[in-house]
Amino acid sequence: MTQQTSVVNSDDPVDVSERIRRLGKRQILEIPQMVEFHSWLEGKRLARQSCRVVGESRTGKTISCNTYRYKCQVSQKPGEAPIIPVVYWHCPEKLSVSSLFVGLLEALQYQATRGRIPELRERVYHVLRSCQVEMIIFDEAQRATAQAMSEIRDISDMLEIAVVLVGTDRLNAVIQRDEQVLYRFLASYRFSRLDSEEIQEMTALWEEHVLQLPQPSDLTSAKAQQLLLQATRGYIG
């Protein structure tokens, strides 16, 4: 990803206002750690292999998963169901079976979300097949009840969809309640905090592609980096 830095006249209020508006918009910068993770996820999707992603809060799990979902673009032909390669869904607290099915239907923008569990299950399976879903990412998966986790495992088994469980270290304890669930999600990826070299590299990329200031900010200087490391403690969030 490359962007050219434009020279801005600081005396021009129009240019300054435009720059402020641009910085206020949400932007996603693919740092090397995210690129590496996306490559790992891509392998799991192509192999239809379920897995889990574990790490502390604010280490970048959610934004990295969401960015991968956006990269796998949705397509649709007139009169046909949309093709949705990757579905991302954030699990609510104490995720039940019915909440699981309703949540997936809503994530796929399917309007009929009422019915008994067997009806909802059949509907979810039908929509997932129709939309040719290859991967489902369940964020905060440690919130799932044992019954909901079994249903998630069945989706992986029955539809040959790569299911990705994302969560904190508590997720490891949750999946160990059921051996069949544990064996389905043996493959694991660990999100760690950034070290000093990684923070410096990320800061340089951020300054070049996001800030784009007319003059260098010196954020990569030793003094600034020491302050950033102390303030962030290596958490991307």
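F37 and W40 sit three residues apart in helix 2, which puts about one helical turn between them. Helices here are DSSP runs of H or I with at least four residues, strands are runs of E with at least two, and both are numbered from the N terminus. A bit of background: an α-helix has 3.6 residues a turn, so residues three or four places apart point the same way.

Before going further, note that this is a predicted model, where local features need pLDDT of at least 70 and side-chain atom pairs count only at pLDDT 80 or more, while totals for chains, interfaces and linings use all residues. Residues are numbered from 1 along each chain as its sequence is written, and side-chain values use heavy atoms, with hydrogens and water left out.

Rings of Phe, Tyr and Trp (its six-membered ring) pair when their centres lie within 6.5 Å; planes under 30 degrees apart are stacked, over 60 edge-to-face, and the rest tilted.

| Pair | Centre distance | Plane angle | Class |
|---|---|---|---|
| F37 and W40 | 6.4 Å | 20° | stacked |
| F37 and F191 | 4.9 Å | 75° | edge-to-face |

The second pair ties together distant parts of the chain, with F37 in helix 2 and F191 in strand 5, 154 residues apart. F37 and F191 are both buried, where buried means under 20% relative accessible area, exposed means over 50%, and partly exposed is in between (1.4 Å probe, protein chains only). For F37 the figure is 0%. Together with W40 and Y189, these two form one aromatic cluster.

S64 is itself buried at 4% relative accessible area. The buried residues of helix 3 are K61, S64, C65, N66, T67 and Y68, and their cover includes helix 2 (32–47), strand 1 (51–55) and strand 5.

Five strands make an open sheet in the order 2-3-4-1-5, paired in parallel; strands pair if DSSP finds at least two bridges between them. Strand 2 and strand 5 (188–191) are at the edges with a single partner strand each, so one side of each has no neighbour in the sheet. Strand 3 and strand 4 pair over four bridges in the parallel sense, and I136 has V163 of strand 4 as its bridge partner. Helix 6 lies across strand 3 and strand 4, at about 145° to strand 4 (axes are lines fitted to C-alpha atoms, for helices over the stretch in contact, and angles run from 0 to 180 degrees between N-to-C directions).

**The cores**

The largest nonpolar core holds 36 residues, and L128, I136, F138, M149, I155 and L165 have the most contacts inside it. A core is a set of buried Ala, Val, Leu, Ile, Met, Phe, Trp, Tyr and Cys residues joined through side-chain atoms within 4.5 Å. Elements giving two or more residues include helix 5 (117–130), strand 3 (135–139), helix 6 (146–159) and strand 4 (162–167). A second, separate core of 17 residues includes C72, V86, Y88 and V166.

As for cysteines, C72 is buried at 11% relative accessible area and C91 at 0%.

Terms used. Contact = heavy atoms within 4.5 Å.
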